[in-house]
Structure formats: structure tokens, C-alpha cells
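Here is a short briefing for someone meeting this structure for the first time. Look over the sequence and the model, then read the points below.

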Amino acid sequence: MMNELGTIVGQIIITMLSAILVENLVLSRFLGMCPFLGVTQKTSTAAGMGIAVAAVLMIVAALAWIVNVTLLVPNNLEFLQTMSYILIIAAVVQFLETVLRKFIPPLYKALGIYLPLITTNCAVLGIPLINTQRGYDFGMTLVYTLGAGLGFAMALVLFSGVRERMAKSDIPASLQGVSGALFAATLVSMSFFGFQGLFAK
Amino acid sequence: MSTQAEVPFTFVLPKEKAPKPKAIVIAGLIKENPTLKMVLGCCPTLAVTTAAPNGLGLGLATALVLTMSNFVISLLRNVIPDKVRIPSYIVIIAGFVTIIMYVLKAYFPALDKSLGIYIPLIVANCILLARAEMFASKFGPFSSALDGLAMGLGFTIALFSIATVREILGNGTWFGIPMTPHFFSPAVLLILPPGGFLAFGIVMVIMNYLTRGKVGGDVACATCNPENSHCAPDSILGGK
Amino acid sequence: MREILKPALVLLAICVAIAAVLAVVYQVTKPIIAKRAADDLKAAMHEVLPQAESFQDLFFDEADAKAKNFDVSSTQLQLVKAIPVAAQGGLQMLQISAGKNQTGAVVGYVFTSLSAGYAPDGVHVTVGIDTTGKITGVRIGDQNETPGLGSKVLALHGPYLKQFNNLTPQSSNGTYLTLVKNKPASAPPEQIDAVTGATFTSRAVWRAVEASVEAAHAEMSAGGQS
């Protein structure tokens, strides 16, 4: 009994850490590049975007799992997966925007501007697709999605720190903006590459 | 345009005319190249360019989807109410992406396997929604299809060139055929994730240098959000 | 009311139209995709066990057959005689098939397994072993190992995989093959030389082959149809 519980907890920790470090959404899977390059000039905006994406990801992944398992798979409608998932994303984003604006204005002020950007964020579509492909059950879907969202937010915050420093240094004109950011991203990605074999057997 | 000037008191807004076909092609391939000039769709640009066939395959698949979605969206542009514009575009795009996905699975299984989830992720590629919003919702179906094709091929050219460089330098092969002499040990880094950033960074520096820093600015793909004013058609079409 | 109803109806109409088109595409491509997958699987099995003319899937138990969409009610259900341990030390045996010649006699077995490597996804390995215990072929399926390092191990006709070809390993204390680093030239062929810089991937493939050899011997000594 104790042993079994240990195995499950171990599994959860490994999946979570693997999603954050080994399979980092941005740095090793290249999902969500737009916000990674677009809104990381300042740490505060990067953190806001990271939290907004992580939160939306959790809701979207849970809804996508429910729709897939209760509606699509039993009726042989797997071919509607991509379409349903993207509609779920659009609906969730719209819903959150309306609700936050009406009922929690301070939170809307902090995160609202990032919400519309999420509709075309491939990370938010990619995670439900990966969950489906791997056949995760509901619990594992939540664990993996939480890890992926945390990994995303962490990558954004870490990278914004690098870029804040870069903004203060004297770099050639051709290296300013996106191009310079890509070189910095190379180094950050390289350091994350070191996590690759973390759980290798 | 001159006829509009003669009747200054009309309340009917002059309809914007679609650019000439030649201008559309040049804009898509070179002047407004979605990857190199607009910095749209960076995720696939970095993720699938580890080998030349993958870059070519995803580029062509995207071009096909973009041509068809632009055509259909343009046909329906007067039917779709403004309120549900974005979800309608997304559904149409997702439909064409799913069709391409099943065709690839049936007839090009090897390509489908190596591109994996990046095929369904074409849906989230900002280029598609950006072109629907900026072009197809305003102009006729044939101009829109041509715009989709030109933009798609511009994307393909960029992906294919980056993938070619990465595969030759990183793996010593091109389309799997050995290309480099024996004494050259391939720089494996280039086909690893960090190499994606590095290769794209080098391309951007060259583009920046050639155009004196007018590429993408500091905002990159974030501009492709339809509610963002950067995407106003006059800043995209026909320059300043 | 009209302002809300009309947009909603248009969006619904678009969704229904697209879904209908997709249903047609799905119905048309589904059999093609299924046939191609079956052909690929057969080609892969034939590649590692060339002398076999046809293959028969063996199942671990009825639940396994059900999970693999096999018609359980038919009488042809063939079970594996000696059931291998399902997930032992990073190895999961996915499928065992018996290869038969023209007269229907079993000439060997094909084992497909998923072995944990360096990347989290693992490495799919297909191993062919004939009824004398000789390894007739090792082939790598889906994998996501580091390109340029791990992929060196997995190269189809590369020096690493070649080490296994035509070996007839004998058991010593229960193990057949061992993995070593920097193998001396005088060492016996049952010692498999790991590729420098890709130890985990080397181990993944070795583990799958070793498990397949063990399973083949267990199956034959349990009176599997040889």
C-alpha cells in the first residue's frame, strides 16, 4: 500500500519535473515562441504572460480532455479534435476576458491584455494535442499540463531577466531586438539541454 | 481613384482595390516575407528545420492550407458577421489543416511522422489568421488565393533555406544524402534545439544588416494578434 | 435578439459544413491509413526475419488481444507460452509474433519492445530471432534520441546494430549478451560494444535485444510451436 502510493507520487514528480525541465515547452519544443520573443522585454510583463498562459492552459487542457473522452472518441469523431480544441481555446479566452473585466477588474488589469494573444499561441493548442497523443488519463493530463505551464512561465521570466540586462548593454544595431534575443535564447536553451538525460535509465 | 475625387460628397466609402497580382507575389515572396520580414510563425521555423525535407514539407503544407483558407474566407467575407469573424476564420483554417493532416497520413506517412504535432499546429500559426484578417476579409477570392499562395511560398522558401543550412552543417547531409567531405565533422549543435535559435538568429542578423534594422522590430509575432493595431492593412500592404 | 442569433447561426453553419467535409475526408483516408500501417508493420517484421512468409500475432492474454483490436471470439487466438515480465527495468514488451514458412511451420519470432533511452519517449526496437536462437535482424522504430549522438547507435546499417546480426548467444548464468565499454578486440562477440557518448541509447537497444533473446528461449523451451 505504502509502496504503491510511493510509486504514484514518484510518477507525478517525474512527469512534472520532466515537463518543466526536460521537455520545456519553449526551450526544447519550440511552442509559444511568439510571447517568448514578443513580451519578454520586461520581467513584470513576462511574469504576467506566463501566469496567464499557465492558467488558460489548465482550463483548456481539462476541457479538451473531457470533450475528447466523452464526446469525440465514443462517437468516432477523432477527426474533429483539432477543430474542437481551438474552439475551446477561443471560447475560454473570450469567457475569461468577459468575466475578469466584469467581476475582478484588478486581475483583468494585470492579465487582460495578454488574453487575446493566447488564441494564436501554439503552446495552448500543442499541450492538449500532446496529452491526447500520449493517451494521458485525467490526472496525468492535469499534472503534465501544470508542469508545462510552469515551465513556460519559468522560461519567460528567466529569459526576460537576460533581456533586461541586454537592454542596458551596448550591442551592435543589427543585434538589437529579435535577432539579439535569439542569440541569448540559444544560450538559455543550451543550458536547458543539459537536463535532457535527467530521468534516463 | 480619380473618379472618387470627382464626387467628393458621396457617403459610400470607396472600396479598397486589391493590389495587382505581381505586387501580391512580390510582397509574399520578398517584400513582406512572413518569416524573414514579418517574423510570423516562429514556432515551426525553429522546430521543424532540422532537416531539409521537413522544412519543405511543412512549408508546402502551410502554403496549401493558406491558399485554400484565404480563398474560402474571401468567398464568405460578406456572409460572416463581424462579431464571430475570428472564430469563423479559425474553424475554416482548422478544417483545412485537418484535411491536409489526413492526406499526409494516408499518402506521405514518413513526412507525417517526422512533422508530428506540428501539422495540426499549423492552425495556431499566426500567418494564417493574419492573412485572413488583413487580406482575405477585404479582397476578392482570386486575389486572396494568390496572396495565400505567395505568402505560403515565401514561408516555404524561408523554412527550406534554414533547414538546408542546418541539415548540411549539423548532420553533413542534404535530403539524407551525404554532402560534406570526410574530414568535416558536422556541428551537431545546429540540429539540436539550441541550434534552432542560433540559425534563426544568424538569419535575422543578416536580414537586419541588409535592411538596416527594419525587420520585425522588437515585437516579433506578438504583432499578429488581430486586435493589435500593428496589423493595420496599410502598414502591411503597400508599405508606409 | 437578432444581433446575437444571426452571428451564432452563421458560426454554427460553418462548423457543421466543415465537420461534414471532414467526415468525408476521414472516411476516405481511414482504410488507406490502416492498410499502410499494416503493410509497414509486415515489412518491418519481414526485414528482421526474412525467412518467414507470414506472421501470426501472439497475445499475452485475452485482455491484450482485446486492447489490440483482435476479434477475441474467433478461435484463432494464439497465446504466448512463456509470458515475459511486462515492464522490467525500463523495458516493455509490446508485441510478439511468430514467423511461419510456406508450410505453416514456425521458423522464428519477432519481438517489438519499447526500451527507455535518453529521451523521455524511449526507443522502439524490433528484433527477429529464428528457432535456433540466432538473431536475424534488429531494427529501430519510433525514437526521439539526441540527433547526431544517440542516432549514431540507431543507424540502420551502422556498426553498433551490426554487432547483433547473426549472433547465436548462449546463456551464461541467465544472461545472453552483455554491454561493455571500450571492448577489447579479443573479446567474444556476445559482448556488445557501447558507442562512446551515447551510452544510454546503446543500453536501450541492448536491453531490448537481450529481453527478446530471453523471451525467445523461454517461448521455445515452453514448447512454443517450434
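**Cysteines**

Cys34(A) has a relative accessible area of 10%, so it counts as buried. The model is a predicted one.

- Across all chains, a search of the whole structure turns up zero disulfides.
- In general, a disulfide is a covalent bond that links the sulfur atoms of two cysteines.

**Where chain A meets chain B**

- The contact draws 44 residues from chain A and 40 residues from chain B.
- Together the two chains bury about 3700 Å², and 79% of that lies on carbon and sulfur atoms.
- Between chain B and chain A there are zero salt bridges.
- Two residue pairs are in polar contact across chain B and chain A, both at pLDDT 80 or more.
- On the side of chain B that touches chain A, the elements giving two or more residues are α3, α5 (85-107), α7 (126-136) and α9 (193-211) of chain B.
- α9(B) supplies the largest share of that side, with twelve residues.

**Helix α7 of chain A**

- Helix α7 of chain A covers residues 122-134, which is 13 residues.
- From first C-alpha to last, α7(A) reaches 18 Å, close to the 18 Å expected at 1.5 Å a residue.
- At the start of α7(A), a side-chain oxygen of Asn121(A) comes to within 2.8 Å of the backbone nitrogen of Ala123(A).
- Just after α7(A), Gly135(A) adopts a positive phi of about 65°.
- Is α7(A) mostly covered or mostly open? It is mostly covered, with ten of its 13 residues buried.
- Among the buried residues of α7(A) are Cys122(A), Leu125(A), Pro128(A) and Asn131(A).
- Within chain A, the buried residues of α7(A) pack against α3 (43-72), α4 (81-103), α6 (115-118) and α8 (138-168).
- They also pack against α3 (42-47) of chain B.

**Thr40 of chain A**

- Thr40(A) sits in the loop between α2 (33-38) and α3 of chain A.
- Its relative accessibility is 0%, so Thr40(A) counts as buried.
- The side chains of Thr40(A) and Arg163(A) are joined by a polar contact of 3.0 Å.
- Leaving out residues up to four places away in sequence, Thr40(A) touches Pro35(A), Ala46(A), Leu156(A), Phe159(A), Ser160(A) and Arg163(A).

Key. Residues numbered from 1 in each chain as written. Chains lettered and ligands numbered in written order. Predicted model: local features only at pLDDT ≥ 70, side-chain atom pairs only at ≥ 80, totals over all residues. Heavy atoms only, no water. Helix = DSSP H or I, 4+ residues; strand = E, 2+ residues; numbered from the N terminus. Expected span 1.5 Å × (residues − 1). Buried < 20%, exposed > 50% of the residue type's maximum accessible area, 1.4 Å probe, protein only. Contact = heavy atoms within 4.5 Å. Polar contact = N/O pair within 3.5 Å; in protein donor to acceptor, adjacent residues only side chain to side chain. Disulfide = S-S within 2.5 Å. Buried area = accessible area lost by both parts, 1.4 Å probe. Salt bridge = Lys/Arg side-chain N within 4 Å of Asp/Glu carboxyl O.
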